[in-house]
Amino acid sequence: MRISCAPCTRKYVHFIHCVLLLSTQVYDAGEVFGIMQVQREEEDEDGEDGERKKDNPGVVVGCKVVVTRGSGLQVSDPTSIYLVDHAWTYRVEHARQQLEQIPGLVSRMASLMGLDFHGEVPTPDVVELILERMWKYNQTYQLSQGSAEEKVPVWYVMDEFGSQVQHSDHPSCCMAPFFYIPGQLAYTLLWPLQDLQQGDEVTRDYAYGETNPLQRRCRLLPWIHDDLDGVSSVITEPADSYYEAIARENKEQLPVEVQPATVPKDKILKVFTEMSQVRNNLTHPRFLLTEDEEEADIIWSYGHIKDYRKLSEERPHVMLNQFPCENIVTVKDCLAAVARRIKGGPTPDWLPETFNLQMELPQFIKHYQLRQHRFFRGEDNHWICKPWNLARGLDTHITNNLDYIIRQSESSPKVPAPTRSNSLVSEVHMERRNC
């Protein structure tokens with residue numbers, strides 16, 4: 001039954017139809033769309049009206065998705081939403097192991113990415129090639145709840161249909177991941193942004209949401225070559241507004257001035273903490289764990305302490321494991337900026353050149369390209385890419401693959417820096433091979 005409805009009602013029906021698709025796992029996109037093989041000249045990256053459009057590389061004969069249903073596709077139709085399955089879902093640290101151990105995965109990924117592989121047993125060369133090429137096909141999402149380990153970004157490759165939807169600066173459709181809690185599965189939803197007729201191409205924006213022209217060029221670099229002529233690799237000092245925005249986001253209440261207190265040497269200090277690492281290892285006789293935060297002399301908090309003013313007024317001598325605005329030195333990109341400010345210009349000798357991919361992606365890419373030219377003369381071009389506010393090595397990547405690093409900016413804020421030691425790179429690669 002089709003319902004003629006006002007826009008608000010149509011959105012409700014749209015949502016109900018989406019839930020029905022998910023609950024029944026109906027994949028009916030094949031009734032509406034088809035994959036068409038096309039052959040284009042390699043250097044032709046421009047579509048009509050000079051629009052940038054380029055196929056996923058790696059295939060001799062390119063593919064695109066077109067509407068095959070005679071009635072086309074209408075934006076006003078609340079049932080115009082379709083499920084796209086995921087062919088491979090993983091976290092990066094498990095990718096190699098899964099390729100080597102899951103039957104059929106290498107064959108499917110090689111076929112999807114247009115690689116020449118027809119064997120049954122994965123070879124080291126084809127595994128390496130998939131690990132390199134997958135960053136042109138990967139998509140990502142993060143869970144908003146759970147432990148720090150559970151919040152590490154999840155990457156996935158859409159099925160053969162979804163992976164052939166090509167880029168356009170003026171897309172005809174939108175695609176987004178959707179985690180269906182009852183089934184504990186993630187899907188991709190596809191819906192039209194404009195009415196489409198039979199034969200029209202289905203496209204999406206690979207740099208969705210990015211409006212800055214230079215940033216778009218950078219984010220599209222894995223698919224569209226760009227030398228970034230005229231772009232400098234020099235990092236400029238962030239404006240004061242950048243730090244003011246961080247302060248507003250943190251919502252910290254600064255403390256009143258407090259005179260330092262002297263702690264008697266024979267006093268047993270009561271410690272309150274939720275952290276198992278502290279509770280299980282704090283055995284010195286001068287410290288006593290307490291379950292009552294109000295009586296604690298020391299608060300060792302896992303969470304972000306924000307109301308320093310209240311603590312300074314009501315408990316001026318309680319000791320904390322944090323201090324106001326500490327993210328200026330504990331968050332990686334802020335530390336790099338502060339170090340440059342102290343040096344009065346370029347990065348100090350003790351700190352590798354460090355970039356914030358959210359704001360300094362063009363400068364990073366240019367710096368990478370310059371180092372890559374020197375790589376052919378013997379200079380290593382491996383980078384260590386870390387989240388700006390996680391510890392314990394979580395979501396940390398070491399690679400010389402530019403596509404890999406660029407795509408990291410889509411999952412969470414990242415800070416790349418060149419590695420200092422070839423032996424470190426070798427050790428990490430060996431560790432990941434053995435995990």
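**View 1. C325, a partly exposed residue in a loop of the predicted model****.** C325 has a relative accessible area of 36%. Where does C325 sit? Its place is the loop between β14 (319–320) and α9 (327–330). The backbone deserves a look too. Most residues other than glycine have a negative phi. C325 is not a glycine, yet its phi is positive, about 60°.

**View 2. L228, a buried residue with a positive phi****.** L228 lies in the loop between α5 (213–219) and α6. Its phi is near 55°. This is a positive value in a residue other than glycine. Is L228 buried or exposed? L228 is buried, because its relative accessible area is 0% and buried means under 20%.

**View 3. S409, a buried serine in a loop****.** Find S409 between α12 (402–408) and β17 (414–418). S409 counts as buried because its relative accessible area, 15%, is under 20%. A polar atom of the S409 side chain lies 2.7 Å from the backbone oxygen of I406. Which residues does S409 contact, leaving aside neighbours within four places in sequence? They are L357 and Q358. Now look for R219. S409 and R219 are 190 residues apart in sequence. In space, their C-alpha atoms are 8.7 Å apart.

**View 4. D159, a buried aspartate without a salt bridge****.** D159 belongs to the loop between β6 (154–158) and β7 (166–167). How far away is R108, the nearest side chain of opposite charge? The distance is 5.5 Å. The D159 side chain does reach the backbone nitrogen of G162, at 2.9 Å. Not counting residues up to four places away in sequence, D159 touches V84, D85, H86, A87, R108 and L112.

**View 5. Helices α6 and α10, packed at an angle****.** Two packed helices are described by the angle between their axes and the distance between the axes. Here α6 covers residues 240–250, and α10 covers residues 332–343. What is their angle? It is about 140°, and the axes are 13 Å apart. The crossing of α6 past α10 is left-handed. From α6, the residues that meet α10 are D240, Y242, Y243 and I246. From α10, they are D333, C334, A337 and R341.

Technical notes. Residues numbered from 1 in each chain as written. Predicted model: local features only at pLDDT ≥ 70, side-chain atom pairs only at ≥ 80, totals over all residues. Heavy atoms only, no water. Helix = DSSP H or I, 4+ residues; strand = E, 2+ residues; numbered from the N terminus. Buried < 20%, exposed > 50% of the residue type's maximum accessible area, 1.4 Å probe, protein only. Contact = heavy atoms within 4.5 Å. Polar contact = N/O pair within 3.5 Å; in protein donor to acceptor, adjacent residues only side chain to side chain. Lys, Arg positive; Asp, Glu negative; His and termini not counted. Salt bridge = Lys/Arg side-chain N within 4 Å of Asp/Glu carboxyl O. Axes fitted to C-alpha atoms, helices over the stretch in contact; angles between N-to-C directions. Left-handed = near helix turned anticlockwise from the far one by under 90°.
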